[in-house]
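Please walk through this model with me, one site at a time. Keep the sequence at hand as you read.

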Amino acid sequence: MTPGLRGALLGIGMAMAACSSVRPVASMTWVTLPAADARIQYIGRTYRSGTGVVFSHPGVTIRARFWGDALRMQLSDAGPGGEVGTNYFDVTVDGAAPRQLAVRSSESTYLLADGLEVGLHTVELVKRTESSVGPSTLVALEVHGELRDPPLRPGLRMEFIGDSVTCGYGADVALIPASPSWRAPGFTSKNENPRRGYAWLTAMKLGAEPVLVCYSGHGVYRNLDMSTSGLLPALYELAVPDHPAGWDFSRDPPDVMVINAGTNDAFAGSGTDAFLPDEASFKSAYRAFLARLRTLHPRAHIVCTLGSMTDGYKQREENGAATSVHVGQWITDLVVERQQQGDGRVYRHLMDVQNPGVDGVGEDWHPSAATHARMAEALSRFIADVVRP
């Protein structure tokens, strides 16, 4: 065999091998994969229903890796719509800047990626809005090509438990108050953004995977509206708030947990005899919650913090006399109590109160993105230096 013929045959063989590993463009079709397909990756709390995979917490992430040029999703959404009831997602294709996607109960199919160069792609969908806006159900993904195995996940897992601050409420807005009596704009779902919140930013700084379990207005022993149902310890047991399905705690247990709770317990009671939170009630509920978390996660590091809308101090003046309480100090007391009982993996982190005149505020006086960044810087440094997971 001549060298020229040998080279020609080698070239033909290489071309045939390449063709066998790459699917011809002309043969691509739309393929529908149910939401429960093992190649669809979920990060955060979900549960399977008869129609798909249900979720509602902000920050829940869905990832798909596929070979092809386009991807659609079938989604059933329960948000009532309008400025406060529309669910929003961030859609990221191959690591590019995310685009914001509004979903509606009247629509069922959404184009996530289109016109891509034929090849391997990753699409990430992150829920921006919280449970109060309404749950969503992923029914299926439609791939123009074929679904591949999902990307690898980080080794470190973090879980953040809290209220509106942890949800990223109003984080896409930053306004400098004109005066102490200035009224901040109210909640709109399009401006809620957990990816600009302290929890998400902290996890990113530490190279960790974030899971958010949070709900605006909810507290440890009382909610902002003074109700006592749906408290954070009870919500923690559920896969999706306002749904009966319990969470399977054997799934993706966290290495580090951050509890940022107590703000609503402190703020509740305006204009009532219960203006000041009750120390015994708060401590009893928080103590029981810590015990429950330790039972569920024996090896997890638990960081207790509070902020940045308040450090927990509250005072009432009546008949010339001032009475004050300090929820933040109560949390410190409870952490010390557990440490003295031998729990060496519980910590107290002191969060600075926000500075609206410098960093501005988001909707309803919530932390701005600049404040969240400061919170994340301090918290991630504390975890790296003190907790050292």
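Ser132 counts as partly exposed in this predicted model, because its relative accessibility is 43% and that class lies between under 20% for buried and over 50% for exposed. Look for Ser132 in the loop that links β9 (119-127) to β10 (136-148). Now find Pro177. Ser132 and Pro177 are 45 residues apart in sequence. In space, their C-alpha atoms are 27 Å apart.

Next, turn to a pair of helices. Helix α7 covers residues 279-296, and helix α8 covers residues 327-340. Their axes lie 10 Å apart, at an angle of about 45°. The two helices are therefore oblique to each other. The crossing of α7 and α8 is right-handed.

Which residues of α7 and α8 meet? From α7 come Glu279, Phe282, Lys283, Tyr286, Arg287, Leu290, Ala291 and Arg294. They meet Val327, Trp330, Ile331, Asp333, Leu334, Glu337 and Arg338 of α8. By class, this contact has eight nonpolar and seven charged residues, and no polar ones.

How far can you trust the coordinates? The protein chain averages a pLDDT of 94, and 93% of the residues score at least 70. Confidence is highest in strand β13 (residues 256-260), at a mean of 99. Confidence is lowest in helix α1 (residues 3-21), where the mean is 40. Over residues 1-23, pLDDT stays under 50. For residues 1-23, the model has eight contacts beyond four places in sequence.

Key: Residues numbered from 1 in each chain as written. Predicted model: local features only at pLDDT ≥ 70, side-chain atom pairs only at ≥ 80, totals over all residues. Heavy atoms only, no water. pLDDT = per-residue confidence, 0-100. Helix = DSSP H or I, 4+ residues; strand = E, 2+ residues; numbered from the N terminus. Contact = heavy atoms within 4.5 Å. Axes fitted to C-alpha atoms, helices over the stretch in contact; angles between N-to-C directions. Parallel < 35°, antiparallel > 145°, perpendicular 65-115°, else oblique. Left-handed = near helix turned anticlockwise from the far one by under 90°. Nonpolar A, V, L, I, M, F, W, Y, C, P; charged D, E, K, R; others polar. Buried < 20%, exposed > 50% of the residue type's maximum accessible area, 1.4 Å probe, protein only.
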